[in-house]
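Let's take a friendly tour of a protein, starting with a single residue and then stepping back to take in the whole chain. Have a look at the structure first.

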Amino acid sequence: MIRKVKLNFWQILNMNVGFLGIQYSFGLQQSAVNPIYDFLGASPDEIPLLNLAGPVTGLLVQPIIGALSDKTWHPKWGRRKPYFLIGALLCSLSLIAFPFSSSLWVAASLLWILDAGNNMAMEPYRAFVADKLIEEQQPLGFQMQSFFTGLGQTLANLSLFIFPLIIVGKTGSLPTWVYASFFLGAVCSIGSIWWSMKTTPEIPPTQEELSLIKNKKNVFLEPLIEIFSAIGAMPKVMWQLAIVYLFQWYALFCYWQNSSKSIALSVWNATPKTNPEAYEKAVSWTGLVNGWYNVVTFLIAFALVGFAKKYGAKRVHFICLLLAALGFLAFPHIENKNWLFFATTGFGIGWASMMGIPYLMVVSDIPKERYGVYMGIINMMIVIPMIIQNLSFGYILKNFLDNDPRNAITFAGVLLMLAAIYTLLIKNKREIRKV
């Protein structure tokens, strides 16, 4: 039996490099896909439904892939790696095809494939970290993912600012720079996953685990049974985290769907329809602003590990969510485009925490033999609020928020305040033992 050993910093970094490509792709989804919908003629209240692909594929794909990866072993490819590779290939092909979208339905269809690939790669990565690292190194492992989340999304957002400066004109219905951003994303997706697969071996299962894997009877039905079984036995701390996630992730989708339109109105007094040229400038500036919050994320990610050890993961997440909420509340009222960087600094700190700290609050309560399925269930707790947002927010925006994207960002700030408050109510086994 091969046991976990303590890894050095560079080994932990190499195993997480694949997150760079995954998060570059997510960065494009957050900052570039909705402007593409705008360029193709979508109205503000149509945007939430057009984003339904991400949370639905996350809900269906991640828990199933997580359960399957728990029950998988191949002598050459390993347990989690086959899912990384297939997911990365789907992402890369979708990113190459996306800029050629000639209509809303083509773009929306490709987003479904892109999100399926991202989610297939994402969940096994969380379990991969838990598989490889001893308990004392898990905070560093999860926050290393936060670092690459920030770096990958920074590169994606910077591409939205830099490429329009050097690549002008249109190709089909879209600005030509869109093609460069998405093609670079395709290279990052497959290249970074390949690097992690090449540099990081997986830990082989024990003979007992191999016997259980070989004796599985229904490869497709069993994961569903495992998911429902795991939900029934889910630790209380995960139910508490689910309430925080409800407010947190609903708020983030409100921001990502409306940030470029909010900036266009507050800084340029423009909309995609009234002034397309000014709106394109707003999209480019939004890329820079969102790139900045991701810079903050990867700069602060490792510091949060020390804060979590010293003050507790719960307190750290509370403070980070509070700072993000204050940033959102200020965001739509800023008329000087340079001051937007101060507002998104708070979000960058919050985003660094969201990508790693909540896992520290629950990992000690999760049985290690079910890491894969429970990481998938945590993702369900992320995507269900997103689905609710996609189905409900178009109506809320149109009927209660005057179809104004600035009001949508304010609404997101209020929801993050609620998420911060509910974070203080979370208690895991370590805290209970201390009490």
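Predicted model: local features only at pLDDT ≥ 70, side-chain atom pairs only at ≥ 80, totals over all residues.

Is V283 buried or exposed? With a relative accessible area of 1%, V283 is buried, because anything under 20% counts that way. Leaving aside residues up to four places away in sequence, V283 touches P35, W177 and S260. As for F341, it comes 58 residues away from V283 along the chain, and the C-alpha atoms of the two are separated by 15 Å.

## A helix you can check yourself: α13

Helix α13 takes in residues 313-330. At 1.5 Å a residue, its 18 residues should span 26 Å, and the C-alpha atoms at its ends are 26 Å apart, so the two values agree.

## Stepping back: the whole chain

Overall, the protein chain has 18 helices and two strands. Its radius of gyration is 21 Å, close to the 22 Å that the globule rule gives for 435 residues, so the chain is as compact as a globular protein of that length. Along the principal axes, its C-alpha atoms fill a box of roughly 65 × 50 × 40 Å.

Of those 435 residues, 60% count as buried. Among contacts with a separation of 6 or more, 85% link residues 24 or more positions apart.

## Surface and charge

The chain's accessible surface is about 17,700 Å², and carbon and sulfur atoms account for 67% of that. There are 33 positive and 22 negative side chains, with the centres of the two sets 8 Å apart.

Definitions and conventions. Residues numbered from 1 in each chain as written. Heavy atoms only, no water. Helix = DSSP H or I, 4+ residues; strand = E, 2+ residues; numbered from the N terminus. Expected span 1.5 Å × (residues − 1). Rg over C-alpha atoms; globule rule 2.2 N^0.38 Å. Buried < 20%, exposed > 50% of the residue type's maximum accessible area, 1.4 Å probe, protein only. Contact = heavy atoms within 4.5 Å. Areas by Shrake-Rupley, 256 points an atom, 1.4 Å probe, with all protein chains shown as cover. Lys, Arg positive; Asp, Glu negative; His and termini not counted. Charge placed at Lys NZ, Arg CZ, Asp CG, Glu CD.
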